[in-house]
Amino acid sequence: MMRRLEDTLLELIESMRPRGEAAAIVRIDDVAFDLPLEVAVSPTLEILADFPRSRWRGGFDIAPSRCRISVRSVEHKS
Amino acid sequence: MSEEYESLPLEDFINALSSQLDRAQAALTLKAASTHLTFAVKELNLQLRTQVEAEGSVVKIRPAAPGEREASILNIAFTTVTRPMLEEHRLTMQPAEPEPEMEVEGEAPAEEEDPLKQHFSEEERRRLEWVGITNADQLRRLLPQRDPRTIERVANIPAFRLRQAMMQERRPVVRRIVRDDEPPAPRARNGDGEPRGEGPADRLRLRLEGRNLRREAVRGVRVDGESVPLVHAGDRALIVDAPQAAGNSEGRVDVDLADGGSLSFAYDPQILALGAGITVHPAYSGAKP
């Protein structure tokens, strides 16, 4: 089952957030990803996008598209 | 959530992509509440393997299905929009002044189902989201400020259905009546300092809860046929001072609306006297010709 595009992107971006002790001493300012994504459209017009399920492509796998995304850290003022 | 390999207009794909990126950014911002540091998407470039086709003047795309190795590649790039760019292109919108609502004592009103669900299918709601309408309040406020033909084209919903839904959502609704514990205003006094006319002891303060109950939408309220003073008229509540006798008599309320119609309902005064709220289902009488 493929996830929605935003869920996949969130997981990807959040995986770069330092955790534990590293959070106190490391700050990531810029990240750029370039990765394959399987893309489809749900019947309710949502874009589904997920990482390829396997490195080996079979005849039943979607030919992956490619996504380049760059993010930067910003101060959040509440 | 099942995948599908149907084609869809290119602009629908772009709208959906843009809307889902907005959601991703909103979620990132929410997560920053504890750390005060968040990530912002600077650029996104999608090389989409797709089949491109045209139906009349509509260009449609379909993400490549399994086995379609010779699909076209569509490059879509999103970049950060700066505030001046945004202000240059955005439509003028005057959001309604939010009205401070009074606290309601006692039983909380039941959570209402999203009214948009009553008017539009899930797919139609998704399309409305693309034009910035995600709830009934935005439908009420934004529709009059935008060209319905633009929304009709982007959302693929006939303008008359949008207007019909908006009219229904703007109509005053009363859902609950409750006795209000706030004491009524003190009685006016004559020249000798004696209370004049009916006073707090003679009045029963009632709160009618619902929505769209602002003063411009409501001409007046009658309790058991008698016009009563309107103490407060807000978006979600009307407060009236009814005669104390209203607590003993039959219990009938008529809310006269600005469009000439009225909302009428009966209630049990004995239940009201216990301090409990009563859910009501008013009958709407249309405007007199």
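Tutor: Let us start with the term itself: an axis here is a line fitted to C-alpha atoms, for helices over the stretch in contact, and angles run from 0 to 180 degrees between N-to-C directions. Please keep in mind throughout that this is a predicted model.

Student: Okay, so at what angle do α6(B) and α7(B) pack, and how far apart are their axes?

Tutor: The angle between α6(B) and α7(B) is about 110 degrees, and their axes are 9 Å apart. Angles of 65 to 115 degrees count as roughly perpendicular, and α6(B) and α7(B) are therefore roughly perpendicular to each other.

Student: Which residues in α6(B) and α7(B) meet there?

Tutor: From α6(B) come Pro148(B), Ile151(B) and Glu152(B), and they meet Ala159(B), Leu162(B) and Arg163(B) in α7(B). Sorted by type, the residues of this contact between α6(B) and α7(B) divide into 4 nonpolar, no polar and 2 charged.

Student: Staying with helix α6 of chain B, which of its residues are buried?

Tutor: Helix α6 of chain B spans residues 148-155, and its buried residues are Ile151(B), Val154(B) and Ala155(B). These cover an arc of only 85 degrees around the axis, which puts them on the same side of α6(B).

Student: Why do residues three or four places apart in an α-helix point the same way?

Tutor: An α-helix has 3.6 residues a turn, so residues three or four places apart point the same way.

Student: And what is exposed on the other side of α6(B)?

Tutor: There you will find Arg149(B) and Arg153(B), which are exposed on the other side of α6(B).

Student: What do the buried residues of α6(B) pack against?

Tutor: They pack against three helices of chain B, namely α1 (10-31), α4 (122-130) and α7 (159-170). If you follow the chain just past the end of α6(B), you come to Asn156(B), which takes a positive phi of about 55 degrees.

Student: Let's move to α4(B), then. Which residues are buried in α4(B)?

Tutor: In α4(B) the buried residues are Glu124(B), Arg126(B), Arg127(B), Leu128(B) and Trp130(B). As for their surroundings, the buried residues of α4(B) pack against α1, α3 (116-119), α6 and α7 of chain B. Just after α4(B) there is also a residue with a positive phi, Gly132(B), at about 90 degrees.

Student: How do α1(B) and α4(B) pack, I mean at what angle?

Tutor: They pack at an angle of about 75 degrees, and the axes of α1(B) and α4(B) are 9 Å apart. That makes α1(B) roughly perpendicular to α4(B). On the α1(B) side the contact is made by Asp12(B), Asn15(B), Ala16(B), Ser19(B) and Arg23(B), while α4(B) brings Arg126(B), Arg127(B), Glu129(B) and Trp130(B). The residues of this contact between α1(B) and α4(B) divide into 2 nonpolar, 2 polar and 5 charged.

Student: Can we zoom in on Glu129(B), and what does it touch?

Tutor: Glu129(B) lies in helix α4 of chain B, and it is partly exposed, with a relative accessible area of 22%. Leaving out residues up to four places away in sequence, Glu129(B) touches Ser19(B), Arg23(B) and Thr134(B).

Student: What about Gln25(B), where is its place?

Tutor: Gln25(B) is in helix α1 of chain B, and Gln25(B) is partly exposed, with a relative accessible area of 23%. Not counting residues up to four places away in sequence, Gln25(B) touches Phe39(B), Ala40(B) and Val41(B).

Terms used. Residues numbered from 1 in each chain as written. Chains lettered and ligands numbered in written order. Predicted model: local features only at pLDDT ≥ 70, side-chain atom pairs only at ≥ 80, totals over all residues. Heavy atoms only, no water. Buried < 20%, exposed > 50% of the residue type's maximum accessible area, 1.4 Å probe, protein only. Helix = DSSP H or I, 4+ residues; strand = E, 2+ residues; numbered from the N terminus. Arc of directions from axis to C-beta. Contact = heavy atoms within 4.5 Å. Parallel < 35°, antiparallel > 145°, perpendicular 65-115°, else oblique. Nonpolar A, V, L, I, M, F, W, Y, C, P; charged D, E, K, R; others polar.
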